[in-house]
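Walk me through this structure, please. I am new to it and would like to go from the overall layout down to single residues.

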Amino acid sequence: DSAAGRMAHRSLDAFGARTARAHRKASEVVADIEDDIAAAKATITALASSQFLQNGDVGGFHRQGVEVAKYLSAQLVLRDPHDGRQIMNSAIAWGQPLPDSTPQQALDAMQDSVRTGSATVSNVFFSPALNKFVINIGIPVIRQDAVAYFLSVSIPLHTFADSLQGA
C-alpha cells in the first residue's frame, strides 16, 4: 500500500462525500420547488370553485383574486379558454385595460390544460404586468359541465431562486 495510493483513496472518498452532499441538497431544492408548485395547484383548484366564477361574477372574483395573489406574492389571471384573451388579471386594477398579447408559453400551457382537463405548468416567460420572469400553473374552470375559463397563477422565478440560495 503506497502513500500515493492511500492519498488517492482519501481523495476519492472526499469527492464521493461531497457528491453525496450535493445530491442531497439538489434533491431538497427540487422537493421545495415541487412543494411550491403543488401549493399553487391546490390554491387555484380551490379558487376555481369560487362562487364568483360559478355565477359568472368576474368583478367579484377579481376582488377575491387580488387578496389571494397578495398572500401568494403571485399573479392570478383568468382567461377565455378558446382564444387566451385575459378576462381578469390580479396585477391590474378592475376595469383597466388588460394586455392584448399572451406569451406563447402561457398559451401552450393553457391549450394543454384545456385539452387534457388537468393542471399544467408552463415554461418560463416574461410577464409584462409583473415585469418579471415567471412560470404559470393553470387549470381549466368548469361551469355547467363545460370549460368556462382558464385560471392560472404566475409565480416569479425569484421564488425558486430563494430555494436555491437556501441550499
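Helices (H or I, at least four residues) and strands (E, at least two) are DSSP runs, numbered from the N terminus. Two notes on the source come before that. This is a predicted model, where local features need pLDDT of at least 70, side-chain atom pairs count only at pLDDT 80 or more, and totals for chains, interfaces and linings use all residues. Residues are numbered from 1 along each chain as its sequence is written, and side-chain values use heavy atoms, with hydrogens and water left out.

Start with the whole protein. It has 5 helices and 6 strands. Read from the N terminus, their order is α-α-α-β-β-α-β-β-β-β-α. The radius of gyration is 21 Å, well over the 15 Å that the globule rule gives for 167 residues, so the protein is more spread out than a compact globule. That radius is taken over C-alpha atoms, and the globule rule is 2.2 Å times the number of residues to the power 0.38. The C-alpha trace spans about 80 × 30 × 25 Å along its principal axes.

How much of the protein is buried? Buried residues make up 36% of the 167. Here buried means under 20% relative accessible area, exposed means over 50%, and partly exposed is in between (1.4 Å probe, protein chains only). Contacts give another view. A contact means heavy atoms within 4.5 Å. Of the contacts with a separation of 6 or more, 49% join residues 24 or more positions apart.

Now take helix α3, residues 58–72. It has 15 residues and reaches 20 Å from its first C-alpha to its last, close to the 21 Å expected at 1.5 Å a residue. The expected span is 1.5 Å times one less than the number of residues. The buried residues of α3 include F61, H62, V66 and V68. Just after the helix, S73 takes a positive phi of about 55 degrees.

Helix α4 covers residues 104–116. Its 13 residues reach 18 Å from first C-alpha to last, close to the expected 18 Å. Which of its residues are buried? They are A106, L107, A109, M110 and S113. Seen down the axis of α4, these buried residues fall within an arc of 165 degrees, so they line one face of the helix. The arc is that of the directions from the helix axis to the C-beta atoms. An α-helix has 3.6 residues a turn, so residues three or four places apart point the same way. The buried residues of α4 pack against β1 (75–79), β3 (120–121), β4 (125–127), β5 (132–143) and β6 (146–156). Just after α4, G117 has a positive phi of about 80 degrees.

Next comes S118. It is partly exposed, with a relative accessible area of 34%. Leaving aside neighbours within four places in sequence, S118 is in contact with S113, G138 and P140. A polar contact of 2.9 Å joins its side chain to that of T116. A polar contact is a pair of N or O atoms within 3.5 Å; within protein, one must be able to donate a hydrogen and the other to accept it, and residues adjacent in sequence count only if both atoms are side-chain atoms.

Strand β2 (residues 86–89) holds N89. At 2% relative accessibility, N89 is buried. Its side chain makes a polar contact with the side chain of Q86 at 3.0 Å. The side chain of N89 also reaches the backbone nitrogen of A91 at 2.8 Å. Not counting residues up to four places away in sequence, N89 touches H62, Q75, L76, V77, L98 and A129.

The loop between β5 and β6 brings a contrast in setting. Most residues other than glycine have a negative phi. Q144, in this loop, has a positive phi of about 55 degrees although it is not a glycine. D145, also in the loop between β5 and β6, has a positive phi near 65 degrees. Q144 is exposed at 70% relative accessibility, and D145 is exposed at 80%.

Last, the aromatic rings. The structure holds 1 aromatic pair. The ring centres of F126 and F133 are 5.2 Å apart and their planes stand at 70 degrees, so the pair is edge-to-face. Rings of Phe, Tyr and Trp (its six-membered ring) pair if their centres lie within 6.5 Å; planes under 30 degrees apart count as stacked, over 60 as edge-to-face and the rest as tilted. F126 is partly exposed at 36%, and F133 is partly exposed at 49%.
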